[in-house]
Amino acid sequence: MYMGSALFFLTVYLIYPIVNTAYLSFLGKGSKAFTGLGNYWYVFTNADMLGALKNNLLWLVLFTSITVSLGLVIAVLTDKVRYEAAAKAMIFLPMAISFVAASVIWRFMFEFRPAGIPQIGLLNALLSTFPGIQPVAWLVNTKVNNFALIGVGIWIWTGFCMVILSAGLKGIPLEILEAARIDGASEWQIFWRIILPMMRTTIIVVATTMIIIVLKVFDIVYVMTNGNLGTEVIANRMYKEMFNYHHFGRASAIAVILLLAVIPVIAFNVRRFRAQEVVQ
Amino acid sequence: MIPKAARRLSRSLTHIVLISICLMWTVPSFGLLANSFRSQRDIVTTGWWKAFKTPFAFTVDNYVEVLTGHPEYGKEEALENRRSILKDIVTGQGMGRAFLNSLIIAIPSTLIPILVASFAAYALAWMRFPGRDLLLIIVVGLLVVPLQMTLIPILRLYGVLHLAGTFLGVWLAHTAYGLPYAIYLLRNFFRALPRDLFESAYLDGASEFVVFYRIVVPLSIPSIASLAIFQFLWVWNDLLVALIYLGGTRDVAPLTIHISSMMSSLGENWHLLPAGAFISMMLPLIIFATLQPYFVRGILAGSVKG
């Protein structure tokens, strides 16, 4: 009785659709004819799809490594200063606003005007103070636009990593750190030899969370470039297959690939959860 | 021991790195805030940092225009008719309507999943029934399943049931998507309550429901508050779910959709974007400023949400 309504929602909105999407991914455009692995073949051979997969890989590597390492650095640094709370609030703030609003903020930061006209975007205005440097069309230039979008993602999510890592850092007993300091260890050594190994689990949890986020990244790309100019990612590709081309088979195949990509994380979470339960 | 000078150097290095990071994280938002109070001409011709030169020329025109959808309200004389402005904010072509839609979407989408989840979490935490452990594992597994996996079947189902484009449809969808995390979080919180508490109540003859309603829920109010804030912000800031199930119709579109369509129809609306973005950020910022500890707690307690 207590579980009833929850079971209804989980079954109708999550479990049934997962099974159904897996089934649809083997059907053609109108979801009638069986096409075998045709949609998957398309996903891994179509040039646009491959571009999206490549971009997602770039996101995966850069976004995950930078958010986690930067979050860790900030957690360690803020631990040493008196304005810890204020600094953390500033860095965490972007987490509270929508990705859409964050995209507006960065749209203005990236704004580009041709050389010679006053720049209204802060980044190009800063660049133009150096003689001989040309302004950059951050979102249009295909050499940099993916990095610009990833930068926005990092700006939003670093605070999240910082909060969790900082909590993990505070969990390290002070005596250990003090003993190391008395023994003459430098802060550098303490970071690499004590803090990092002791926070291993927390770092893995944060990194897997970031991987999940990055696989599904949608809003930033949708709002800032709509996937044009070589910035498309998997989730945007799926949206386009759904609404622009009405090809539910291909869109489902893309979703299934996303699911397959998170299965290791699901297994990891379940194992970790079981281990916690045993401890209790 | 490390020489004092080296220590001092590393200390100042810490401050320099940290303060520059803080600037990188706040200046972009500050720039947008400054821009939102500048005139249309200023926004498109110069950077926001030029606004801090006397004479100051800040204005709220953008806010009035973006809320009502009428550029003529930007002119001083029209401001006399305050009542019609208010009417236009609520019913007009501007963002006021989208703000209201966001509220209409977010409030039930926060309350319903919490209600559903607290019953389920209580059962999973303290009741014995067959399949309980399996259910728990399923909930943990569902935490990170990509939403994308569910969009097409639900959308087709909504087509049949005429739920596409309705608030009810989006409430139910957000409820379902929020449930795994809500159940997981509340179950862990409930589980952490001392067992003796229930046992003595049962001995006194209290029913399951009385224990839940009189003991578990009141003791868990801070946890429930964390979850409520988290879920509210999640829904308020959502773009994808609204885009799929509601679409861009003005009557139902929330702020996120409104702003993203303003952004793709560039040019004419460029000067309204900063004010629009700030209106959408207002509520999250207030919540963040006043309830930050709860928000952080919600994130810490279940850092596996996908």
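## Handedness and the pairing of H8(B) with H11(B)

A crossing of two helices is called right-handed if the near helix is turned clockwise from the far one by less than a right angle, and left-handed if the turn is anticlockwise. In this predicted model, the crossing of H8(B) and H11(B) is right-handed. Helix H8 of chain B spans residues 167–191 and helix H11 of chain B spans residues 221–236, and their axes come within 11 Å of each other while crossing at roughly 155 degrees. Because angles over 145 degrees count as roughly antiparallel, H8(B) and H11(B) are therefore described as roughly antiparallel to each other.

On the side of H8(B), the contact is made by B:His174, B:Gly178, B:Ala182, B:Leu185, B:Leu186 and B:Phe189, and these meet B:Ser223, B:Leu227, B:Gln231, B:Trp234 and B:Val235 of H11(B). By class, the residues of this contact comprise 7 nonpolar and 4 polar, with no charged residue.

## Domains of chain B

The domain assignment divides chain B into domain 1, covering 4–90, and domain 2, covering 95–301. The centres of domain 1 and domain 2 of chain B, taken over C-alpha atoms, are separated by 31 Å. Their contact draws 15 residues from domain 1 of chain B and 13 residues from domain 2 of chain B.

On the domain 1 side of this contact, the elements of chain B that give two or more residues are helix H1 (4–36), helix H2 (40–45), helix H3 (61–68) and helix H4 (82–91). The largest share of that side, 6 residues, is supplied by H3(B).

## Contact between chains A and B

Between the two chains, the contact takes 76 residues from chain A and 69 residues from chain B. The side of chain A that touches chain B is made up of 59 nonpolar, 12 polar and 5 charged residues.

## Chain A: architecture and confidence

The secondary structure of chain A consists of 13 helices and 0 strands. Taken along the principal axes, the C-alpha atoms of chain A fill a box of roughly 75 × 65 × 35 Å.

The mean pLDDT of chain A is 90, and 99% of its residues reach 70 or more. Among the elements of chain A, the highest mean pLDDT, 95, belongs to helix H3 (residues 47–78) of chain A, whereas the lowest, 89, belongs to helix H13 (residues 248–279) of chain A.

Conventions:
Residues numbered from 1 in each chain as written. Chains lettered and ligands numbered in written order. Predicted model: local features only at pLDDT ≥ 70, side-chain atom pairs only at ≥ 80, totals over all residues. Axes fitted to C-alpha atoms, helices over the stretch in contact; angles between N-to-C directions. Helix = DSSP H or I, 4+ residues; strand = E, 2+ residues; numbered from the N terminus. Parallel < 35°, antiparallel > 145°, perpendicular 65-115°, else oblique. Contact = placed C-beta atoms within 7 Å. Nonpolar A, V, L, I, M, F, W, Y, C, P; charged D, E, K, R; others polar. Domains from an automatic or database assignment. pLDDT = per-residue confidence, 0-100.
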